[in-house]
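Visitor: Please show me the structure, and then I will ask about its parts.

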Amino acid sequence: MNIPFLDNWLNRRETEQGAGLAAALAADPEGVAEMFSECEMLRVQARAAGLELDESQASLEELDQLMPRWRRDPEVVPWLGNDAGFYLGTVIIRTVPGAGWQVWPNGQPVIRLASGRELNVIESGVSWAMTGSPELSQAYAEASEAPPSFPPR
């Protein structure tokens with residue numbers, strides 16, 4: 001059904017939410033980063049499997065090795081995927097120099113690398129939770145690669 005005023009209202013709300021998160025990130029980047037790092041559902045799943053998440057690259061590799069029992073519950077997968085994306089982003093910003101959170105106009109939090117490249121880690125996390133691909137450790141490896149260097153002219 002096409003209801004133009006409803007579409008406009010929904011788009012406005014999404015933009016307002018994005019603006020609110022962007023403003024919060026600008027005002028308190030450490031606080032927002034801390035909130036994003038909580039990832040409680042992912043931490044509970046990992047703990048149940050005997051894994052303590054320490055925000056290291058090695059913990060991403062260990063997460064990739066977990067038996068994905070959560071895939072049996074389609075209601076859990078998107079939530080766990082969001083947590084996995086936030087955790088991936090947390091590891092990146094804490095270990096890759098110059099990386100930080102940024103918010104797109106639609107409210108989607110992403111990682112911005114020092115090179116200017118933006119990574120939709122939430123999308124990667126949801127894909128990982130649903131299918132196992134991309135592996136979180138592979139997404140991290142791609143983010144942590146040094147930008148190509150070009151010879152001086």
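**Questions and answers**

Guide: To begin with one loop, Pro134 sits between α6 (121-131) and α7 (136-144). The model is a predicted one.

Visitor: Is the peptide bond from Ser133 to Pro134 cis or trans?

Guide: Most peptide bonds are trans. The bond from Ser133 to Pro134 has omega near 0°. That bond is cis.

Visitor: What is the order of the strands in the open sheet?

Guide: β1 (100-103) and β3 (118-119) stand at the edges, and each has a single partner strand, so one side of each lacks a neighbour in the sheet. The pairing is antiparallel, and the order is β1-β2-β3.

Visitor: Which residue of β2 is the bridge partner of Gln102?

Guide: Strands of a sheet pair through backbone hydrogen bonds. Here β1 and β2 (residues 109-112) run antiparallel and are joined by 4 bridges. In β2, the bridge partner of Gln102 is Val110.

Visitor: Which helix lies across β1, β2 and β3?

Guide: The helix in question spans residues 77-95 and runs at about 130° to β1. Its name is α5.

Visitor: Are α4 and α5 roughly parallel or roughly antiparallel to each other?

Guide: Helix α4 (residues 57-64) packs with α5 at an angle of about 155°, and their axes are 9 Å apart. The contact is made by Gln57, Ser59, Leu60 and Leu63 of α4 with Tyr87, Leu88 and Val91 of α5. Angles over 145 degrees count as roughly antiparallel. Therefore α4 and α5 are roughly antiparallel.

Visitor: Is Cys39 buried or exposed?

Guide: Cys39 is found in the loop between α2 (29-36) and α3 (40-48). Cys39 has a positive phi of about 45° although it is not a glycine. The relative accessible area of Cys39 is 4%, and the cut-off for buried is under 20%. Cys39 is therefore buried.

Visitor: What is the phi of Glu55 near?

Guide: Glu55 lies in the loop between α3 and α4. Most residues other than glycine have a negative phi. Glu55 has a positive phi, near 60°.

Visitor: How much of the accessible surface of the protein chain belongs to carbon and sulfur atoms?

Guide: Of the 153 residues in the protein chain, 38% are buried. The accessible surface of the chain comes to about 9300 Å². The part that belongs to carbon and sulfur atoms is 54%.

Definitions and conventions
Residues are numbered from 1 along each chain as its sequence is written. This is a predicted model: local features need pLDDT of at least 70, side-chain atom pairs count only at pLDDT 80 or more; totals for chains, interfaces and linings use all residues. Side-chain values use heavy atoms; hydrogens and water are left out. Two strands pair if DSSP finds at least two bridges between them. Helices (H or I, at least four residues) and strands (E, at least two) are DSSP runs, numbered from the N terminus. Contact means heavy atoms within 4.5 Å. Axes are lines fitted to C-alpha atoms, for helices over the stretch in contact, and angles run from 0 to 180 degrees between N-to-C directions. Buried means under 20% relative accessible area, exposed over 50%, partly exposed in between (1.4 Å probe, protein chains only). Accessible areas come from the Shrake-Rupley method with a 1.4 Å probe; for residues, only the protein chains shown count as cover. Angles under 35 degrees count as roughly parallel, over 145 as roughly antiparallel, 65 to 115 as roughly perpendicular and the rest as oblique.
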